[in-house]
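Please find below my note on the structure under review.

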Amino acid sequence: MSFDLCFHDALTEDVFFDSDSGFTMNYYGAKLLNKKKVFNEFRYNVKHALEYIKRIENGELVNSTGVLEESENRAVDHFNLRMEEEVVKGKSLQKSIEVYNDIQEKVEEILSGKKTTSKGLKYTDIVFNGIGGSFLGPYMMIVSQYGADFNFTSNLPVKLHFISNTDPTSFALLLSELKIETTILVSISKSGTTAETVGNMFAFNKELEKKNLEIGEHNIGITTRDSWLHKYGLANKYLYTFHVENETGGRVSVCSAVGMVPMAFARINFIEFIKGQSHMDKLTRMEDPEKNPAMIVAIILQKITLESNHQNVVVLSYTDFLREYSHYLQQLYCESLGKEYDINGLLINHGQTVYGGVGTSEQHSFIQQIQKGIHNVIARFIYCRKRTTDYENQKAGTMGRQLLGFLKGTESALIRNNRPFITCTVESNSPFNMGMLIALEERVVAFLGAFRNLNPFDQPGVQDGKLASDFFNKFSKELIESIAKFFADPKAESFTGGANEALIQFMKIDTVQSSDILNQQLIIADTILSDIEANLFVSYPQLKDLISVSRSFDNSRFVYVIHHKDQN
Ligand SMILES: O=P(O)(O)OC[C@H]1O[C@H](O)[C@H](O)[C@@H](O)[C@@H]1O
């Protein structure tokens with residue numbers, strides 16, 4: 001296909017436009033040479049996917065699979081939370097706005113200084129503590145409105161911070177940046193038990209205790225009713241605990257209290273955001289696939305994935321304000337579509353990888369591979385049509401036009417190199433348009449779940465990782481206790497050996513017969529011995545006054561020497 005012909009077809013046919021919002025989607029780069037034929041091929045899929053959405057929006061228990069022990073058996077409510085009609089009792093756009101108004105009122109009392117600490121101090125810092133869906137949406141929204149330096153640019157009466165990992169170095173840095181006496185930690189966890197989030201909350205609360213501060217007046221929780229976090233918050237008199245519904249999946253929870261509270265603190269217009277979602281949901285209920293932007297994207301992704309195994313989606317936003325958008329979509333797509341089994345329990349090992357960043361920056365990294373390397377990617381571009389400012393630029397006239405030139409140049413190069421892409425253009429990065437963009441992708445993912453006969457609403461693999469780290473934590477604690485017990489005796493003999501000898505010596509484990517469990521225990525023992533050697537004084541209060549440790553590499557394995565301190 002020649003370059004000109006493609007553009008000619010494109011501008012007459014392959015464009016979706018919503019005149020109410022100005023949202024435009026060009027899919028001339030997706031090479032649907034005979035669109036009518038393709039849409040016709042998909043007519044049963046389209047029907048099935050739309051019925052699936054109806055079942056979801058009617059509150060049916062769609063989050064279930066044939067693998068019974070993995071099945072969550074619950075309804076999925078994020079579309080209902082912004083639906084004008086109240087199809088499922090208690091869930092509608094109006095109800096969500098009421099919930100938000102209550103949250104906003106409480107948050108404004110904190111921001112305005114009406115609500116202070118018991119010592120009469122005004123709160124100065126808000127730390128959002130959450131991971132996965134309890135982080136990505138709120139963070140993306142705040143960056144989308146104020147940029148990455150939001151504390152310098154937003155002009156809010158408080159500083160906003162995020163912790164979303166269990167990293168002691170960044171935690172220390174965070175503590176050094178704020179005055180804990182006037183800080184509120186907002187712990188966001190739908191389940192209320194996520195190890196990273198709960199661990200960070202405990203660490204923060206210990207710091208409060210060290211300063212004799214009341215835990216309650218420095219904490220807010222966002223979680224499901226009756227979760228562990230809810231009960232802990234009640235017992236410790238947290239300022240507030242706001243609720244997420246059990247039916248709201250973590251990765252789509254930005255339309256619930258998970259997004260409401262951070263947006264209220266950031267004074268971002270949540271109501272406009274959720275109305276944007278609601279508007280896109282309306283567009284993506286359209287039965288005619290040509291009038292349904294999510295169906296167009298889903299059909300293109302499905303067709304390209306099936307026909308040429310393009311399993312990767314690369315998302316490039318041509319505005320720095322959307323730098324977190326690809327991370328957000330990464331969780332949405334990968335957790336939803338990365339599945340071992342289909343809905344009937346049949347092994348499929350399926351997935352759709354998403355990664356990306358901002359254009360033009362990423363044009364200087366992985367775009368080379370996309371243009372010239374393996375044919376395994378469909379590109380998704382996002383562009384904001386209106387600028388609020390601009391600067392003169394020699395090459396393109398202005399800086400803004402240069403950015404546009406780079407987007408269009410990359411599109412043309414992809415066409416020349418026969419690489420598929422879709423471009424979505426919004427008028428601006430307003431909360432309404434952000435809501436539209438997110439809702440579009442949530443619908444695409446649900447349609448793809450229907451096309452691919454898999455449940456896009458569960459995440460059993462993440463559970464595997466959680467269980468494995470629970471095993472690691474439990475066994476390593478036992479090992480450390482045994483080492484402490486062994487060296488509690490000042491006459492204890494020195495230890496020399498690797499993981500194998502450590503299991504025999506300290507855990508009395510018979511290491512002769514190899515097994516999966518033994519292999520895991522060996523890996524844990526080596527990891528922990530290495531960690532003790534590296535961090536004895538930082539992370540092992542129970543060992544630091546008892547032992548000294550050294551490590552060497554001998555015969556393809558690490559060997560550790562542990563002495564009692566008194567025997568050095
Ligand atoms: O909100 P939480 O219960 O703490 O969960 C946080 C995250 O945990 C896991 O990674 C789940 O797979 C995600 O979907 C979820 O968003």
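The points that follow take up the ligand site, the salt bridges and the local backbone geometry.

1. The structure is a predicted model. Each point below should be read with that origin in mind.

2. Ser189 places a polar side-chain atom 2.6 Å from an oxygen atom of the ligand. From Lys190, a backbone N or O atom lies 2.8 Å from a ligand oxygen atom. For Gln331, a polar side-chain atom is found 3.4 Å from an oxygen atom of the ligand. On its own the ligand has 390 Å² of accessible area, of which the protein covers 88%.

3. The side chains of Arg380 and Glu441 form a salt bridge with an N to O distance of 2.7 Å. Arg380 belongs to strand S12 (residues 377-384) and Glu441 to helix H16 (residues 431-451), so this pair ties together parts that lie 61 residues apart in sequence. Are the two partners buried or exposed? Arg380 is buried, at 2% relative accessible area, and Glu441 is buried as well, at 1%. Both values fall under the 20% limit for a buried residue.

4. Arg323 and Glu324 are joined by a salt bridge in which the closest N and O atoms are 3.7 Å apart. Arg323 is partly exposed, with 42% relative accessible area, whereas Glu324 is buried, with 11%.

5. Asp390 and Arg387 meet through their side chains in a salt bridge of 3.8 Å, N to O. The relative accessible area of Asp390 is 30%, and this residue counts as partly exposed; Arg387, at 39%, is also partly exposed. Elsewhere, salt bridges with shared partners link Asp14, Lys35, Lys36 and Glu290 into one network. How many salt bridges does a search of the whole structure find? The search finds 32 salt bridges.

6. A cis peptide bond. Gly359 and Thr360 are joined by a cis peptide bond, with omega at about 10 degrees. Thr360 is located in the loop between strand S11 (353-358) and helix H14 (367-372).

7. Positive phi at Lys237. The phi angle of Lys237 is near 55 degrees, a positive value in a residue other than glycine. Lys237 is part of the loop between helix H9 (228-235) and strand S7 (240-243). With a relative accessibility of 68%, Lys237 is exposed.

8. Positive phi at Ser556. What is the phi value of Ser556? Phi is near 65 degrees for Ser556, again a positive value in a residue other than glycine. The loop that holds Ser556 runs between strand S17 (547-554) and strand S18 (557-564). Ser556 is exposed, with a relative accessible area of 66%.

How values were computed
Residues numbered from 1 in each chain as written. Predicted model: local features only at pLDDT ≥ 70, side-chain atom pairs only at ≥ 80, totals over all residues. Heavy atoms only, no water. Salt bridge = Lys/Arg side-chain N within 4 Å of Asp/Glu carboxyl O. Buried < 20%, exposed > 50% of the residue type's maximum accessible area, 1.4 Å probe, protein only. Helix = DSSP H or I, 4+ residues; strand = E, 2+ residues; numbered from the N terminus. Polar contact = N/O pair within 3.5 Å; in protein donor to acceptor, adjacent residues only side chain to side chain. Areas by Shrake-Rupley, 256 points an atom, 1.4 Å probe, with all protein chains shown as cover.
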